[in-house]
2 protein chains.
Amino acid sequence: MGKRLTKRNEDYSKWYNELVVGADLAENSGVRGCMVIKPYGFAIWEKMQAELDRMFKETGHENAYFPLFIPKSYLSKEASHVEGFAKECAVVTHYRLKNAEDGSGIIVDPDAKLEEELIVRPTSETIIWDTYRRWIQSYRDLPLLINQWANVVRWEMRTRLFLRTAEFLWQEGHTAHATEPEAIEEAEKIMHLYADFAENHMAMPVIKGTKTESERFAGAIETYCIEGMMQDGKALQAGTSHFLGQNFAKAFDVKFATKEGNQEYVWATSWGVSTRLVGALIMTHSDDNGLVLPPKLAPVQVVIVPIYKGMEQLDAISEKINPLVKELRSKGISVKFDNRDTHKPGFKFNEYELKGVPVRLAVGQRDLENGTYEVARRDTLTKEVVPMDEIVAKIEFLLIDIQTNIFKKAVDFRDTHITQVDTYKEFKKILEEKGGFISAHWDGTLETENRIKDETKATIRCIPIDSEREAGNCMVTGKPSERRVLFAKAY
Amino acid sequence: MGKRLTKRNEDYSKWYNELVVGADLAENSGVRGCMVIKPYGFAIWEKMQAELDRMFKETGHENAYFPLFIPKSYLSKEASHVEGFAKECAVVTHYRLKNAEDGSGIIVDPDAKLEEELIVRPTSETIIWDTYRRWIQSYRDLPLLINQWANVVRWEMRTRLFLRTAEFLWQEGHTAHATEPEAIEEAEKIMHLYADFAENHMAMPVIKGTKTESERFAGAIETYCIEGMMQDGKALQAGTSHFLGQNFAKAFDVKFATKEGNQEYVWATSWGVSTRLVGALIMTHSDDNGLVLPPKLAPVQVVIVPIYKGMEQLDAISEKINPLVKELRSKGISVKFDNRDTHKPGFKFNEYELKGVPVRLAVGQRDLENGTYEVARRDTLTKEVVPMDEIVAKIEFLLIDIQTNIFKKAVDFRDTHITQVDTYKEFKKILEEKGGFISAHWDGTLETENRIKDETKATIRCIPIDSEREAGNCMVTGKPSERRVLFAKAY
């Protein structure tokens, strides 16, 4: 507290790190690339989990749990899959420690070497499809709609709190279907579900689309994604849903008997969102004063700060506040009455501003006399005086209004950060000066995609689902193009 | 399905394994010692989690998340702790795979060896206390009451589904306090909370007590536990809560400034329950027909099976059932209307009996005419005919009555399986012929405890909290003893 944050326009990246640590969301641990998610940050993730879990179950999915470890031979079974993950695998090679004979301390026991190394799951397609072989015999066993909440490990070299960590928390859905269209429908359904969650709960507008071949998940036929736009003009991939074809069914020999009695390979999808969403949430809404949280995901929606001298005044305030707290809670609103006497009101105001609590009430002796509260909203930083008998309705209104307002603000920002360009020169200029999404024609080749990436660091974020076909010419090669794609620098 | 379970009195262990697999709770995976928790088994664990999480939060605890990996040097800092866990640690030594140069496949890249090995957490005291050093400076930062839901790995050589697996899911609470009495109070509070959960939600009676020194958690000053009694006369440790003294604070140098301005080491507790509880739940209530679930933890509390010929009859039944399902759900009762036409009613009856659904309704053409349902309860396997207009009240009654009844049954079983003995000869006889808890005098030495264990396989399960002091003589050595302790063979 006390110390102000670096401003976003001075150093966005520094602002982000200071905010994550200052608002008590997370911090780096003593383990390279692994973070500690602190209670306040974890409470946001729990809110996200609860809502997503509800949405998954409502669409017929069930939760299960599969092993943390994947035998090396499993990971190797799908060629492009292992190719994609081999470079960042944490490998378990031994199963015991012992005291060194020379008394120098604890060492890995060389006699306890595993016959086959185990990989800490970077994702679970292989161990799950090895299991599905036992679960699926007939069309009656399909579809199989399973989700798992889990930790995964990818040995990233450059890590950032929430955005890219060696270990992260996520959910991974793995579904099995009898037909190709049904699997594609599932992958698309989840993309829409993710977009619904992002927009209606995180208040983060996203663009839905498909990835180019080079950006696809290792082992997928098609990768659907949702892409958000952060305040520094960089895009963030917030969720992906993959149509896996029969790749994993073939690698793990998962066949089913059709109604007609034939044996066919099963069709698959997988999809996931992770604690990265917390990073996206932070970067979409927060300001130079700290976090701005959408009411639907705020661990504390309303904080009440008493302003008093002596216990007698505090007692008088508490007498007024306790029934209010009770009433708000009965309406499902999470309220904190911060009556700590170890900190001054000004300190508390700063703390809740930094922590992004949507609505703040202050109440002192004069308010009691006037029958009013001072109400501040975090998104606009505006204050007003509200009569006590109107306060509950006011708070209910504010929680909805703040959710709507920050979404609208984010949509406006995103919309003004989509620029259509027709030349590569213009493309570079916009990328340099303005950032954001750039909508341009591309010839569809990996070669051109890589050239653009090498020269500008921009990647194709997606081929938007909602975009219309439009004949044009690739901005780089001039070759014909059927539709525009979205480029951006990205997290 | 189809095939009956082995009977409990024929082979209890075989019965257990068949039941876990047959009721779709869990199965072994391709990874040694690691299980796959199937959707139905996971749904029971989710119900347990939801209730425990509510209880933890109600008592002031917050969730957070700490890294999966623990640097070897951290684990080594508390001497007795590493001694306790060294023999069963999964060790990560490398962070990359690559293609073998001879084309033989994927190998661990020898160039990607970690400077310091990482241990997959067997428990998190060390990484958490390394973190607490940064979080705790002053008495104002205390108490710190934190819980984590996580997976942990202990490389057990002999594993059994739910009861003992290399990887398991659990919660681990880690609290920090300014004083010794406060930490002891916390450890005891959690023991009582666990007992409350076991008895009032799992319907499993438990005995609360403390462990002898040899059975204590590695690094604890005192271990509190709850012990259940399974139907085969073996005890099962269902939860432990540890008073850790200042051991970890000293190992990780965690001091705080007292109100008076002195620097003192922080006092600690840790406590956990795991997916082992699912095994305890199964073994406490189930019978030769399958699972028996307490209504409070049953994923499906009521199943409705239509008995019909042709779509017309099913439609008539559905018309009656759909509003009933809606009404029950509005009361928070989980209901499944199993209208699958791929399976016969008899098959469904067997399936739900095996899966332990507490209440089953059957409804056919004749019931419609008579305005009745056939209602079966899983615990007693009895059936009765209930008028339609009384069905909701009947179901509400049954869900409470089954919960009460199976708890009472388990208490009766447990109480008749506590035997007081005064001689070692009698002890051995009871252990052999009857099993259960044996209450006996013991001289308090490790030597005698070990001798009894070696000769009979019985261990001291706990020194019961509620037991009264009673002067006596050790059944083995004749030396004086102040109170009886509880022995049993155990899981």
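Helices (H or I, at least four residues) and strands (E, at least two) are DSSP runs, numbered from the N terminus. The model is predicted: local features need pLDDT of at least 70, side-chain atom pairs count only at pLDDT 80 or more, and totals for chains, interfaces and linings use all residues. Residues are numbered from 1 along each chain as its sequence is written, with chains lettered from A and ligands numbered from 1 in the order in which they are written.

**Exercise 1. Locate the cis peptide bond that ends at B:Pro143, and find its counterpart in chain A.**

Step 1. In chain B the bond runs from B:Leu142 to B:Pro143, with omega near -10 degrees. B:Pro143 lies in the loop between α5 (125-135) and β9 (144-153) of chain B.

Step 2. In chain A the bond from A:Leu142 to A:Pro143 is cis, with omega near -5 degrees. A:Pro143 sits in the loop between α5 (125-135) and β9 (144-153) of chain A.

**Exercise 2. Describe how chain B is placed relative to chain A.**

Step 1. Superpose the copies by least squares on the C-alpha atoms of residues with pLDDT of at least 70 in both. A rotation of 180 degrees with 0.0 Å of shift along its axis puts chain B on chain A, with RMSD 0.0 Å.

Step 2. The two copies are thus related as by a two-fold rotation axis. The C-alpha of chain B nearest this axis belongs to B:Val92, 2.1 Å from it.

**Exercise 3. Characterise the contact between the chains.**

Step 1. Count residues in contact (C-beta atoms, placed from the backbone, within 7 Å). Chain B gives 52 residues and chain A gives 52 residues.

Step 2. On the side of chain B, strand β5 (residues 91-94) supplies the largest share, 4 residues.

Step 3. Strand β5 (residues 91-94) of chain A pairs (at least two DSSP bridges) with β5(B) in the antiparallel sense over 3 bridges. A:His94 is opposite B:Val91 in β5(B).

Step 4. Since 100% of the interface residues of chain B are also interface residues in chain A, the copies meet through the same surface.

**Exercise 4. Are B:Phe162 and B:Lys457 buried or exposed?**

Step 1. Apply the cut-offs: with C-beta atoms placed from the backbone, a residue is buried if 20 or more others lie within 10 Å of its own, exposed if 12 or fewer, and partly exposed in between.

Step 2. B:Phe162 has 25 other C-beta atoms within 10 Å, so B:Phe162 is buried. Its phi is positive, near 70 degrees.

Step 3. B:Lys457 has 12 other C-beta atoms within 10 Å, so B:Lys457 is exposed. Its phi is positive at about 70 degrees, although B:Lys457 is not a glycine.

Methods. Contact = placed C-beta atoms within 7 Å.
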